[in-house]
Amino acid sequence: MASVATPSEPDTPGRGKSSNPREELFTETLKEVYFAEKQNLRALPKMAKEAATPEMKEAFQTHRDETEGQIDRLEQIFEHMGRPARGKTCEAILGVIDEAKAFIDDFKGTGALDPALVASAQTVEHYEITRYGTLETWAKELGLDEAAKLLDQTLQEEIETDQLLTKLATQSVNRKAA
Ligand SMILES: [Fe+2]
């Protein structure tokens, strides 16, 4: 008896961009974080300019310079993957940056401005920490070892920045209490 042919075609992704949907998910998320970093690069000088204390100005300026390096790492990853470095709108980061702008308008010239800017900056850092952590895990699963290494370097910088911001916020509280 002749054997009945069974469908042997694997599931193909519907969007036709990549044969590997996990790689597609990784790339799309990479594009979002690339967009977010470019937005940060524009927002951080403004935050440095508006911050009241020299420590805060320096923290924002330093992180602005680090952000350039982080963008460069993302571009290296796109290149490794043979993909153009392109951003994809990330509404989450736009919302946080809008909030920071509103804080500047509402609290400029008051003692509440720096705490407000720290809060916005930490919201950005926590977003980035979760995204870079996820991307690093996915890169390892996909066997993209070089990408995982680059993502981890940025992740460590974001964690350090977050810790510095916590320290600055605490110092400011202590100064007020003294
Ligand atoms: Fe960043």
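Student: Why are H1 and H4 called roughly antiparallel?
Tutor: In this predicted model, the axes of H1 (residues 21-50) and H4 (residues 113-141) cross at roughly 160°. Angles over 145 degrees count as roughly antiparallel, so H1 and H4 get that label. Their axes come within 11 Å, and the crossing is left-handed.

Student: Which residues make the contact of H1 with H4?
Tutor: On the H1 side they include Phe26, Leu30, Val33 and Met47. On the H4 side, Leu117, Val124, Leu135 and Trp138 are among them.

Student: How do the residues of the contact of H1 with H4 divide by class?
Tutor: There are 12 nonpolar, two polar and three charged. Glu50 of H1 and Arg131 of H4 take part in the contact, and Glu and Arg count as charged.

Student: What makes H1 roughly antiparallel to H2?
Tutor: The axes of H1 and H2 (residues 54-80) cross at roughly 155°. The cut-off is again over 145 degrees, so H1 is roughly antiparallel to H2. The axes of H1 and H2 come within 9 Å, and this crossing is left-handed.

Student: Which residues make the contact of H1 with H2, and of what class are they?
Tutor: H1 contributes Tyr34, Glu37, Leu41 and Leu44, among others, while H2 contributes residues including Phe60, Arg64, Ile71 and Leu74. By class, the contact has 12 nonpolar, five polar and five charged residues.

Student: How do you know that H3 and H4 are roughly antiparallel?
Tutor: The axes of H3 (residues 91-107) and H4 cross at roughly 175°. That angle is over 145 degrees, therefore H3 and H4 are roughly antiparallel. Their axes come within 9 Å. Residues of H3 including Ile93, Val96 and Phe103 meet residues of H4 including Leu113, Leu117 and Tyr127. The contact of H3 with H4 has 11 nonpolar, two polar and one charged residues.

Student: What makes the span of H4 close to the expected one?
Tutor: H4 has 29 residues, and at 1.5 Å a residue 42 Å is expected. From its first C-alpha to its last, H4 reaches 42 Å. Gly143, with a positive phi near 75°, follows H4.

Student: Why should some of the predicted coordinates not be read in detail?
Tutor: That applies where pLDDT is low. Over residues 1-16 pLDDT stays under 50, and the model has three contacts beyond four places in sequence for them. The chain averages a pLDDT of 89, with 88% of the residues scoring at least 70.

Notes:
Residues are numbered from 1 along each chain as its sequence is written. This is a predicted model: local features need pLDDT of at least 70, side-chain atom pairs count only at pLDDT 80 or more; totals for chains, interfaces and linings use all residues. Axes are lines fitted to C-alpha atoms, for helices over the stretch in contact, and angles run from 0 to 180 degrees between N-to-C directions. Helices (H or I, at least four residues) and strands (E, at least two) are DSSP runs, numbered from the N terminus. Angles under 35 degrees count as roughly parallel, over 145 as roughly antiparallel, 65 to 115 as roughly perpendicular and the rest as oblique. A crossing is left-handed if the near helix is turned anticlockwise from the far one by less than a right angle, and right-handed if clockwise. Two residues are in contact if their C-beta atoms, placed from the backbone, lie within 7 Å. pLDDT is the predictor's confidence in each residue, from 0 to 100. The expected span of a helix is 1.5 Å times one less than its number of residues.
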